[in-house]
Amino acid sequence: MADAKYRTPKGTNDVLPEDHQYQTYIKKAVRHRCRQAGFKRIDTPIFEKTEVFERGIGSHTDIVEKELFMVGSHHRDPDEGDFALRPELTAGICRAYIEHAMHMLPQPVEFYAIGPCFRHDRPQKGRYRQFHQFDLEVIGLSDPSLDAQLIHVINKIFGDLKIRDQLTMQMNNIGSADNRKAYVAALKDYFIGKERNLPELDRSRLTTNPLRLLDSKEEDTQILLKKAPTLAQFIDDASKTYHETVLEYLNELGAEFEENPGLVRGLDYYNQTVFEYWDIKTRGKNAVGGGGRYDPLIEMLGGQPTPGIGFAGGIERIIWQMKEAGIKVPNKDQVDVFVAQLGPDAKKKCLKLISQLRDLGVHTLGALGEASLKSQMRLADKFEARYTLLLGQMEVKSGSIILRDMQAGKQKEMKFEEAIPAVTKLLGESKLDTYTMKDHFSEQDED
Ligand code: HAM
(Lines give C-alpha, C1' and ligand atoms only; values in the text may rest on other atoms or scores of the structure.)
Protein backbone atom coordinates (compact mmCIF):
# COMPACT_ATOMS: atom_id res chain seq x y z
CA MET A 1 0.00 0.00 0.00
CA ALA A 2 2.63 2.47 1.11
CA ASP A 3 4.66 2.08 -2.09
CA ALA A 4 1.64 2.20 -4.43
CA LYS A 5 2.59 4.02 -7.59
CA TYR A 6 -0.87 5.43 -8.22
CA ARG A 7 -3.10 6.84 -5.57
CA THR A 8 -6.57 8.38 -5.44
CA PRO A 9 -6.48 11.98 -6.63
CA LYS A 10 -6.13 14.55 -3.83
CA GLY A 11 -9.35 14.99 -1.88
CA THR A 12 -10.99 11.81 -3.18
CA ASN A 13 -11.56 8.46 -1.51
CA ASP A 14 -12.08 4.89 -2.59
CA VAL A 15 -15.33 3.69 -1.06
CA LEU A 16 -14.07 0.41 0.32
CA PRO A 17 -16.46 -2.43 1.22
CA GLU A 18 -16.66 -1.46 4.90
CA ASP A 19 -17.82 2.05 4.05
CA HIS A 20 -20.23 0.65 1.50
CA GLN A 21 -22.00 -1.12 4.34
CA TYR A 22 -22.61 2.35 5.79
CA GLN A 23 -23.52 3.88 2.44
CA THR A 24 -26.02 1.10 1.75
CA TYR A 25 -27.55 1.54 5.17
CA ILE A 26 -27.88 5.30 4.74
CA LYS A 27 -29.37 4.94 1.25
CA LYS A 28 -31.88 2.46 2.60
CA ALA A 29 -33.08 4.92 5.26
CA VAL A 30 -33.23 7.72 2.67
CA ARG A 31 -35.18 5.62 0.17
CA HIS A 32 -37.68 4.40 2.73
CA ARG A 33 -38.40 7.74 4.32
CA CYS A 34 -38.56 9.47 0.92
CA ARG A 35 -40.92 6.94 -0.57
CA GLN A 36 -43.15 7.09 2.50
CA ALA A 37 -43.44 10.83 1.91
CA GLY A 38 -44.15 10.62 -1.84
CA PHE A 39 -40.68 11.49 -3.14
CA LYS A 40 -39.52 9.91 -6.39
CA ARG A 41 -35.96 9.12 -7.40
CA ILE A 42 -34.24 11.25 -10.02
CA ASP A 43 -30.71 11.19 -11.43
CA THR A 44 -29.25 13.99 -13.47
CA PRO A 45 -25.86 13.93 -15.25
CA ILE A 46 -22.82 14.50 -13.09
CA PHE A 47 -21.85 17.36 -15.36
CA GLU A 48 -23.89 20.24 -16.73
CA LYS A 49 -23.36 23.45 -18.65
CA THR A 50 -21.33 25.67 -16.35
CA GLU A 51 -24.04 28.30 -16.66
CA VAL A 52 -26.52 26.07 -14.81
CA PHE A 53 -24.35 26.38 -11.72
CA GLU A 54 -23.29 30.00 -12.31
CA ARG A 55 -26.85 31.23 -12.65
CA GLY A 56 -28.34 29.14 -9.90
CA ILE A 57 -25.74 28.90 -7.17
CA GLY A 58 -24.28 32.32 -8.03
CA SER A 59 -21.10 33.43 -9.81
CA HIS A 60 -19.67 35.02 -6.67
CA THR A 61 -20.11 32.11 -4.30
CA ASP A 62 -17.08 30.03 -3.23
CA ILE A 63 -18.68 26.99 -4.82
CA VAL A 64 -18.76 28.53 -8.29
CA GLU A 65 -15.95 31.06 -8.11
CA LYS A 66 -13.29 28.78 -6.67
CA GLU A 67 -14.50 25.22 -6.50
CA LEU A 68 -15.99 24.21 -9.84
CA PHE A 69 -14.27 21.31 -11.59
CA MET A 70 -14.33 22.27 -15.25
CA VAL A 71 -14.83 19.46 -17.74
CA GLY A 72 -12.57 20.05 -20.70
CA SER A 73 -14.52 19.48 -23.87
CA HIS A 74 -14.58 23.02 -25.20
CA HIS A 75 -11.19 22.57 -26.84
CA ARG A 76 -12.74 19.81 -28.95
CA ASP A 77 -15.87 21.69 -29.90
CA PRO A 78 -15.88 25.32 -28.75
CA ASP A 79 -19.52 25.73 -29.79
CA GLU A 80 -20.63 23.28 -27.13
CA GLY A 81 -19.75 25.72 -24.36
CA ASP A 82 -18.25 24.99 -20.97
CA PHE A 83 -19.19 22.13 -18.71
CA ALA A 84 -18.50 21.55 -15.05
CA LEU A 85 -18.87 18.63 -12.66
CA ARG A 86 -21.84 19.20 -10.39
CA PRO A 87 -20.93 20.73 -7.03
CA GLU A 88 -24.43 19.88 -5.74
CA LEU A 89 -27.65 18.36 -7.04
CA THR A 90 -30.28 21.11 -6.78
CA ALA A 91 -29.37 23.14 -9.88
CA GLY A 92 -29.38 20.05 -12.13
CA ILE A 93 -32.71 18.83 -10.73
CA CYS A 94 -34.30 22.23 -11.35
CA ARG A 95 -32.86 22.26 -14.86
CA ALA A 96 -34.53 18.86 -15.38
CA TYR A 97 -37.84 20.17 -13.97
CA ILE A 98 -37.85 22.91 -16.61
CA GLU A 99 -36.56 20.72 -19.45
CA HIS A 100 -39.23 18.06 -18.93
CA ALA A 101 -42.06 20.59 -18.40
CA MET A 102 -42.79 19.16 -14.99
CA HIS A 103 -44.97 22.14 -14.15
CA MET A 104 -47.63 20.08 -16.01
CA LEU A 105 -47.51 17.43 -13.26
CA PRO A 106 -49.52 17.69 -10.04
CA GLN A 107 -47.58 20.04 -7.76
CA PRO A 108 -45.52 19.82 -5.69
CA VAL A 109 -43.16 17.48 -7.49
CA GLU A 110 -41.00 15.75 -4.89
CA PHE A 111 -37.65 14.27 -5.81
CA TYR A 112 -34.82 12.55 -4.09
CA ALA A 113 -31.37 11.87 -5.46
CA ILE A 114 -28.20 10.22 -4.19
CA GLY A 115 -24.84 10.59 -5.84
CA PRO A 116 -21.37 12.06 -6.08
CA CYS A 117 -20.68 15.82 -6.13
CA PHE A 118 -17.42 17.63 -6.82
CA ARG A 119 -15.89 20.73 -5.29
CA HIS A 120 -12.32 21.77 -5.86
CA ASP A 121 -11.88 22.71 -2.23
CA ARG A 122 -8.72 22.54 -0.15
CA PRO A 123 -9.05 18.99 1.17
CA GLN A 124 -9.19 18.50 4.93
CA LYS A 125 -11.05 16.29 7.35
CA GLY A 126 -14.69 16.10 6.27
CA ARG A 127 -14.06 18.22 3.19
CA TYR A 128 -13.39 16.34 -0.02
CA ARG A 129 -13.18 17.05 -3.72
CA GLN A 130 -15.48 14.15 -4.47
CA PHE A 131 -18.15 13.45 -1.89
CA HIS A 132 -21.67 12.07 -1.84
CA GLN A 133 -24.94 13.78 -1.10
CA PHE A 134 -28.45 12.60 -0.63
CA ASP A 135 -30.79 15.30 -1.72
CA LEU A 136 -34.50 16.01 -1.34
CA GLU A 137 -36.37 18.60 -3.38
CA VAL A 138 -40.00 19.78 -3.19
CA ILE A 139 -40.82 21.90 -6.23
CA GLY A 140 -43.91 23.80 -7.36
CA LEU A 141 -45.62 24.99 -4.20
CA SER A 142 -44.76 27.27 -1.34
CA ASP A 143 -46.42 26.56 1.97
CA PRO A 144 -44.95 26.56 5.49
CA SER A 145 -46.30 23.05 5.96
CA LEU A 146 -44.01 21.83 3.14
CA ASP A 147 -40.98 23.35 4.87
CA ALA A 148 -41.96 21.67 8.14
CA GLN A 149 -42.76 18.34 6.50
CA LEU A 150 -39.46 18.28 4.61
CA ILE A 151 -37.56 18.91 7.84
CA HIS A 152 -39.59 16.20 9.55
CA VAL A 153 -38.61 13.65 6.86
CA ILE A 154 -34.94 14.58 7.33
CA ASN A 155 -35.31 14.22 11.10
CA LYS A 156 -36.76 10.76 10.56
CA ILE A 157 -33.78 9.79 8.37
CA PHE A 158 -31.27 11.03 10.96
CA GLY A 159 -33.35 9.29 13.63
CA ASP A 160 -33.20 5.98 11.73
CA LEU A 161 -29.43 6.39 11.45
CA LYS A 162 -29.34 7.03 15.23
CA ILE A 163 -27.47 10.34 14.95
CA ARG A 164 -30.29 12.85 15.41
CA ASP A 165 -29.33 13.28 19.08
CA GLN A 166 -25.80 14.30 18.12
CA LEU A 167 -27.09 17.07 15.88
CA THR A 168 -28.69 20.45 16.34
CA MET A 169 -30.87 21.93 13.62
CA GLN A 170 -30.21 25.63 13.01
CA MET A 171 -33.12 27.60 11.55
CA ASN A 172 -33.38 31.04 10.02
CA ASN A 173 -35.46 33.04 7.58
CA ILE A 174 -33.44 35.25 5.25
CA GLY A 175 -36.50 37.01 3.79
CA SER A 176 -37.13 37.88 0.17
CA ALA A 177 -34.65 38.95 -2.49
CA ASP A 178 -35.85 42.56 -2.01
CA ASN A 179 -35.24 42.34 1.74
CA ARG A 180 -31.71 41.19 1.14
CA LYS A 181 -31.12 43.87 -1.49
CA ALA A 182 -32.15 46.57 1.00
CA TYR A 183 -30.01 44.95 3.66
CA VAL A 184 -26.98 44.69 1.38
CA ALA A 185 -27.32 48.40 0.55
CA ALA A 186 -27.41 49.20 4.29
CA LEU A 187 -24.43 46.94 4.93
CA LYS A 188 -22.42 48.62 2.19
CA ASP A 189 -23.34 52.05 3.62
CA TYR A 190 -22.22 50.95 7.05
CA PHE A 191 -18.84 49.88 5.73
CA ILE A 192 -18.17 53.17 3.90
CA GLY A 193 -14.99 54.54 5.44
CA LYS A 194 -14.33 51.24 7.23
CA GLU A 195 -13.06 49.29 4.20
CA ARG A 196 -9.45 49.78 5.20
CA ASN A 197 -10.04 47.81 8.40
CA LEU A 198 -11.35 44.81 6.50
CA PRO A 199 -9.04 41.94 5.51
CA GLU A 200 -8.41 41.92 1.77
CA LEU A 201 -10.71 39.01 0.94
CA ASP A 202 -13.63 40.55 2.81
CA ARG A 203 -12.97 43.92 1.19
CA SER A 204 -13.52 42.36 -2.21
CA ARG A 205 -16.56 40.46 -0.92
CA LEU A 206 -18.06 43.80 0.05
CA THR A 207 -18.37 44.56 -3.66
CA THR A 208 -19.11 41.09 -5.02
CA ASN A 209 -21.27 39.39 -2.35
CA PRO A 210 -21.56 41.40 0.89
CA LEU A 211 -23.81 38.85 2.61
CA ARG A 212 -20.81 36.55 2.71
CA LEU A 213 -19.23 38.90 5.25
CA LEU A 214 -21.73 37.58 7.78
CA ASP A 215 -20.12 34.16 7.98
CA SER A 216 -16.57 35.46 7.57
CA LYS A 217 -14.03 33.66 9.74
CA GLU A 218 -11.94 36.86 10.05
CA GLU A 219 -11.87 38.34 13.53
CA ASP A 220 -11.56 41.95 12.29
CA THR A 221 -14.66 41.51 10.16
CA GLN A 222 -16.60 39.95 13.02
CA ILE A 223 -15.69 42.84 15.31
CA LEU A 224 -16.87 45.38 12.74
CA LEU A 225 -20.05 43.41 12.18
CA LYS A 226 -21.04 43.73 15.84
CA LYS A 227 -22.33 47.27 15.25
CA ALA A 228 -23.54 46.69 11.69
CA PRO A 229 -27.22 46.54 10.77
CA THR A 230 -28.57 42.99 10.95
CA LEU A 231 -30.47 41.06 8.32
CA ALA A 232 -33.28 40.47 10.81
CA GLN A 233 -34.04 44.22 10.78
CA PHE A 234 -34.83 44.01 7.06
CA ILE A 235 -37.10 40.96 6.97
CA ASP A 236 -40.62 41.92 5.87
CA ASP A 237 -43.76 41.01 7.76
CA ALA A 238 -44.89 38.34 5.31
CA SER A 239 -41.57 36.51 5.74
CA LYS A 240 -41.77 36.82 9.51
CA THR A 241 -45.26 35.35 9.53
CA TYR A 242 -44.11 32.56 7.19
CA HIS A 243 -41.22 31.78 9.52
CA GLU A 244 -43.39 31.75 12.62
CA THR A 245 -45.84 29.38 10.94
CA VAL A 246 -43.00 27.01 9.95
CA LEU A 247 -41.80 27.02 13.57
CA GLU A 248 -45.33 26.43 14.83
CA TYR A 249 -45.69 23.42 12.52
CA LEU A 250 -42.28 22.10 13.59
CA ASN A 251 -43.39 22.31 17.20
CA GLU A 252 -46.58 20.48 16.26
CA LEU A 253 -44.42 17.68 14.80
CA GLY A 254 -42.17 17.65 17.85
CA ALA A 255 -39.15 18.68 15.75
CA GLU A 256 -36.34 20.34 17.68
CA PHE A 257 -34.51 23.38 16.34
CA GLU A 258 -32.41 26.36 17.40
CA GLU A 259 -33.18 29.73 15.88
CA ASN A 260 -30.03 31.23 14.39
CA PRO A 261 -30.39 34.74 12.92
CA GLY A 262 -26.79 34.56 11.63
CA LEU A 263 -27.37 31.58 9.36
CA VAL A 264 -27.18 32.69 5.70
CA ARG A 265 -25.88 29.65 3.70
CA GLY A 266 -23.29 29.75 0.94
CA LEU A 267 -25.50 29.55 -2.16
CA ASP A 268 -27.29 32.50 -3.76
CA TYR A 269 -30.55 30.83 -4.72
CA TYR A 270 -32.08 30.83 -1.25
CA ASN A 271 -34.87 32.93 0.17
CA GLN A 272 -37.04 32.62 3.28
CA THR A 273 -36.40 29.39 5.18
CA VAL A 274 -32.79 28.21 5.56
CA PHE A 275 -31.54 25.48 7.89
CA GLU A 276 -28.51 23.39 8.68
CA TYR A 277 -27.77 20.34 10.80
CA TRP A 278 -24.66 20.76 12.95
CA ASP A 279 -22.75 18.45 15.22
CA ILE A 280 -23.62 19.62 18.74
CA LYS A 281 -19.93 19.68 19.69
CA THR A 282 -18.22 21.24 16.68
CA ARG A 283 -21.25 23.37 15.69
CA GLY A 284 -20.98 25.04 12.26
CA LYS A 285 -17.55 23.71 11.36
CA ASN A 286 -18.58 20.72 9.25
CA ALA A 287 -22.34 20.84 8.74
CA VAL A 288 -23.83 17.40 8.24
CA GLY A 289 -26.48 18.79 5.94
CA GLY A 290 -28.19 21.97 4.89
CA GLY A 291 -30.98 23.34 2.79
CA GLY A 292 -33.65 25.91 2.36
CA ARG A 293 -36.28 27.49 0.18
CA TYR A 294 -35.16 28.58 -3.29
CA ASP A 295 -38.16 30.30 -4.83
CA PRO A 296 -36.05 32.37 -7.30
CA LEU A 297 -33.99 29.47 -8.70
CA ILE A 298 -36.19 28.02 -11.43
CA GLU A 299 -36.79 31.46 -12.92
CA MET A 300 -33.04 32.16 -12.76
CA LEU A 301 -32.57 29.03 -14.87
CA GLY A 302 -35.06 30.24 -17.49
CA GLY A 303 -38.28 28.59 -16.25
CA GLN A 304 -41.56 30.11 -15.06
CA PRO A 305 -41.42 31.48 -11.51
CA THR A 306 -41.76 28.29 -9.45
CA PRO A 307 -41.10 27.95 -5.73
CA GLY A 308 -39.05 25.12 -4.25
CA ILE A 309 -37.43 23.90 -1.07
CA GLY A 310 -34.82 21.23 -0.53
CA PHE A 311 -32.03 19.77 1.51
CA ALA A 312 -28.81 17.83 1.02
CA GLY A 313 -26.96 15.69 3.54
CA GLY A 314 -23.26 14.88 3.21
CA ILE A 315 -22.90 11.08 3.28
CA GLU A 316 -19.20 11.02 4.32
CA ARG A 317 -19.96 13.33 7.25
CA ILE A 318 -22.94 11.21 8.25
CA ILE A 319 -20.79 8.06 8.21
CA TRP A 320 -18.29 9.88 10.38
CA GLN A 321 -21.06 10.81 12.84
CA MET A 322 -22.28 7.21 12.93
CA LYS A 323 -18.79 5.87 13.58
CA GLU A 324 -18.23 8.49 16.29
CA ALA A 325 -21.40 7.30 18.00
CA GLY A 326 -20.19 3.68 17.74
CA ILE A 327 -23.09 2.74 15.47
CA LYS A 328 -22.44 -0.52 13.69
CA VAL A 329 -24.36 -1.39 10.56
CA PRO A 330 -25.26 -4.91 9.51
CA ASN A 331 -22.53 -6.63 7.54
CA LYS A 332 -24.19 -7.84 4.38
CA ASP A 333 -21.00 -9.30 2.95
CA GLN A 334 -20.48 -12.10 5.46
CA VAL A 335 -19.58 -15.54 4.08
CA ASP A 336 -22.08 -18.17 5.26
CA VAL A 337 -20.58 -21.24 3.68
CA PHE A 338 -17.20 -22.17 2.28
CA VAL A 339 -17.17 -25.28 0.11
CA ALA A 340 -13.83 -27.11 0.26
CA GLN A 341 -13.13 -29.90 -2.17
CA LEU A 342 -10.42 -32.29 -3.19
CA GLY A 343 -9.99 -34.02 -6.51
CA PRO A 344 -11.49 -33.31 -9.93
CA ASP A 345 -14.76 -35.20 -9.28
CA ALA A 346 -15.41 -33.40 -6.02
CA LYS A 347 -14.60 -30.04 -7.60
CA LYS A 348 -17.04 -30.65 -10.42
CA LYS A 349 -19.76 -31.89 -8.09
CA CYS A 350 -19.54 -28.93 -5.76
CA LEU A 351 -20.02 -26.36 -8.53
CA LYS A 352 -23.74 -27.10 -8.68
CA LEU A 353 -23.96 -27.24 -4.91
CA ILE A 354 -22.44 -23.76 -4.66
CA SER A 355 -24.82 -22.42 -7.28
CA GLN A 356 -27.87 -23.95 -5.53
CA LEU A 357 -26.82 -22.54 -2.15
CA ARG A 358 -26.37 -19.09 -3.69
CA ASP A 359 -29.80 -19.24 -5.32
CA LEU A 360 -31.33 -19.98 -1.92
CA GLY A 361 -29.72 -16.87 -0.49
CA VAL A 362 -26.72 -18.45 1.21
CA HIS A 363 -23.52 -16.43 0.71
CA THR A 364 -21.23 -19.14 -0.61
CA LEU A 365 -17.60 -19.32 -1.69
CA GLY A 366 -15.72 -22.34 -2.88
CA ALA A 367 -14.16 -24.51 -5.56
CA LEU A 368 -11.11 -22.31 -5.25
CA GLY A 369 -7.91 -23.93 -6.43
CA GLU A 370 -6.41 -27.35 -5.83
CA ALA A 371 -4.89 -26.91 -2.37
CA SER A 372 -5.18 -29.52 0.39
CA LEU A 373 -8.37 -29.70 2.44
CA LYS A 374 -6.42 -28.42 5.42
CA SER A 375 -5.27 -25.26 3.69
CA GLN A 376 -8.75 -24.71 2.24
CA MET A 377 -10.07 -24.88 5.82
CA ARG A 378 -7.55 -22.25 6.82
CA LEU A 379 -8.81 -20.11 3.96
CA ALA A 380 -12.41 -20.64 5.12
CA ASP A 381 -11.30 -19.36 8.52
CA LYS A 382 -9.72 -16.28 6.98
CA PHE A 383 -12.91 -15.54 5.08
CA GLU A 384 -14.70 -15.89 8.44
CA ALA A 385 -17.11 -18.42 6.96
CA ARG A 386 -19.68 -19.68 9.48
CA TYR A 387 -19.82 -23.18 7.99
CA THR A 388 -17.64 -25.26 5.73
CA LEU A 389 -18.83 -28.10 3.53
CA LEU A 390 -16.07 -30.62 2.79
CA LEU A 391 -16.17 -32.86 -0.20
CA GLY A 392 -13.15 -35.13 -0.68
CA GLN A 393 -12.64 -38.14 -2.92
CA MET A 394 -13.97 -40.49 -0.21
CA GLU A 395 -17.16 -38.50 0.21
CA VAL A 396 -17.76 -38.43 -3.54
CA LYS A 397 -17.51 -42.19 -3.63
CA SER A 398 -19.90 -42.72 -0.72
CA GLY A 399 -22.34 -39.96 -1.73
CA SER A 400 -21.76 -38.05 1.49
CA ILE A 401 -20.46 -34.65 2.60
CA ILE A 402 -19.08 -33.15 5.83
CA LEU A 403 -20.63 -30.07 7.39
CA ARG A 404 -18.40 -28.22 9.82
CA ASP A 405 -19.44 -25.45 12.20
CA MET A 406 -16.38 -23.22 12.15
CA GLN A 407 -17.00 -21.47 15.45
CA ALA A 408 -17.96 -24.54 17.45
CA GLY A 409 -15.24 -26.60 15.74
CA LYS A 410 -17.68 -29.50 15.36
CA GLN A 411 -18.45 -31.45 12.23
CA LYS A 412 -20.95 -34.02 11.00
CA GLU A 413 -21.04 -36.33 8.02
CA MET A 414 -24.34 -36.54 6.14
CA LYS A 415 -25.78 -37.60 2.81
CA PHE A 416 -24.86 -35.20 0.03
CA GLU A 417 -28.55 -34.33 -0.55
CA GLU A 418 -28.97 -33.34 3.09
CA ALA A 419 -26.35 -30.61 2.95
CA ILE A 420 -28.55 -27.84 1.55
CA PRO A 421 -31.52 -28.32 3.93
CA ALA A 422 -29.08 -28.61 6.86
CA VAL A 423 -27.29 -25.38 6.00
CA THR A 424 -30.44 -23.34 5.38
CA LYS A 425 -31.94 -24.62 8.64
CA LEU A 426 -28.81 -23.71 10.60
CA LEU A 427 -28.70 -20.23 9.12
CA GLY A 428 -32.41 -19.62 9.59
CA GLU A 429 -34.93 -18.37 7.05
CA SER A 430 -34.49 -14.72 8.02
CA LYS A 431 -30.73 -14.78 7.36
CA LEU A 432 -31.10 -15.91 3.78
CA ASP A 433 -30.24 -13.25 1.24
CA THR A 434 -33.05 -14.01 -1.13
CA TYR A 435 -33.57 -12.17 -4.34
CA THR A 436 -36.81 -11.74 -6.15
CA MET A 437 -37.75 -9.09 -8.65
CA LYS A 438 -40.23 -7.65 -6.17
CA ASP A 439 -37.47 -7.12 -3.63
CA HIS A 440 -35.30 -5.76 -6.33
CA PHE A 441 -37.77 -3.02 -7.13
CA SER A 442 -38.57 -2.27 -3.54
CA GLU A 443 -35.17 -2.01 -1.98
CA GLN A 444 -32.27 -4.35 -2.53
CA ASP A 445 -29.34 -3.77 -4.76
CA GLU A 446 -30.31 -0.27 -5.76
CA ASP A 447 -27.36 1.94 -6.28
P1 HAM B 1 -24.48 22.54 0.92
O2 HAM B 1 -24.64 23.09 2.30
O3 HAM B 1 -23.52 23.23 0.03
O4 HAM B 1 -25.93 22.55 0.28
O5 HAM B 1 -24.08 21.00 0.98
C6 HAM B 1 -24.86 20.08 1.70
C7 HAM B 1 -23.99 19.13 2.49
O8 HAM B 1 -23.06 18.47 1.62
C9 HAM B 1 -23.11 19.80 3.52
O10 HAM B 1 -23.83 20.09 4.70
C11 HAM B 1 -22.04 18.74 3.74
O12 HAM B 1 -22.50 17.75 4.63
C13 HAM B 1 -21.90 18.14 2.36
N14 HAM B 1 -20.71 18.72 1.71
C15 HAM B 1 -20.61 19.88 1.04
N16 HAM B 1 -19.36 20.08 0.59
C17 HAM B 1 -18.63 19.01 0.99
C18 HAM B 1 -17.26 18.59 0.81
N19 HAM B 1 -16.39 19.33 0.13
N20 HAM B 1 -16.87 17.41 1.37
C21 HAM B 1 -17.75 16.64 2.05
N22 HAM B 1 -19.04 16.97 2.23
C23 HAM B 1 -19.49 18.13 1.71
C24 HAM B 1 -26.21 22.11 -0.97
O25 HAM B 1 -25.44 21.47 -1.66
C26 HAM B 1 -27.62 22.42 -1.44
N27 HAM B 1 -27.76 21.94 -2.81
C28 HAM B 1 -28.63 21.80 -0.51
C29 HAM B 1 -30.03 22.05 -0.99
C30 HAM B 1 -30.83 21.18 -1.62
N31 HAM B 1 -30.68 23.19 -0.90
C32 HAM B 1 -31.86 23.07 -1.47
N33 HAM B 1 -31.97 21.87 -1.94
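## The ligand shell by class

Ala, Val, Leu, Ile, Met, Phe, Trp, Tyr, Cys and Pro count here as nonpolar; Asp, Glu, Lys and Arg count as charged; the others, Gly among them, count as polar. On that scheme the shell around the ligand has 10 nonpolar, 9 polar and 7 charged residues. The model is predicted.

The shell has 26 residues. Glu88, Thr90, Tyr128, Arg265 and Tyr270 are the closest to the ligand. Three strands each supply at least two shell residues: β6 (130-139), β10 (289-293) and β11 (308-314).

## Polar contacts and cover

In Glu88, a side-chain N or O atom is 2.5 Å from a nitrogen atom of the ligand. For Tyr270 the corresponding distance is 2.6 Å. For Tyr269 it is 3.0 Å.

The ligand on its own has 650 Å² of accessible area, and the protein covers 96% of it.

## Domains

The domain assignment gives two entries. Domain 1 comes in two segments, 17-176 and 236-324. Domain 2 spans 337-431. Taken over C-alpha atoms, the centres of domain 1 and domain 2 are 49 Å apart.

## Helix α11 and what follows

Helix α11 covers residues 315-324. Its buried residues are Ile315, Glu316, Ile318, Ile319, Gln321 and Met322. An α-helix has 3.6 residues a turn, so residues three or four places apart point the same way. In α11, Ile315, Ile318 and Ile319 are among the buried residues.

Gly326 follows α11. The phi of Gly326 is positive, near 70°.

## Cysteines

How many disulfides does the model have? The count comes to 0. A disulfide is a covalent bond between the sulfur atoms of two cysteines. The cut-off used here is a sulfur pair within 2.5 Å.

Cys117 is in no disulfide either. The nearest cysteine sulfur to Cys117 belongs to Cys94, 14 Å away.

Are these two cysteines, Cys34 and Cys117, buried or exposed? Cys34 is buried, with a relative accessible area of 0%. Cys117 is also buried, at 0%.

Note on methods:
Residues are numbered from 1 along each chain as its sequence is written. This is a predicted model: local features need pLDDT of at least 70, side-chain atom pairs count only at pLDDT 80 or more; totals for chains, interfaces and linings use all residues. Side-chain values use heavy atoms; hydrogens and water are left out. A residue is near a molecule or strand if one of its heavy atoms lies within 4 Å of it. A polar contact is a pair of N or O atoms within 3.5 Å; within protein, one must be able to donate a hydrogen and the other to accept it, and residues adjacent in sequence count only if both atoms are side-chain atoms. Accessible areas come from the Shrake-Rupley method with a 1.4 Å probe; for residues, only the protein chains shown count as cover. Helices (H or I, at least four residues) and strands (E, at least two) are DSSP runs, numbered from the N terminus. Domain bounds come from an automatic or database domain assignment. Buried means under 20% relative accessible area, exposed over 50%, partly exposed in between (1.4 Å probe, protein chains only).
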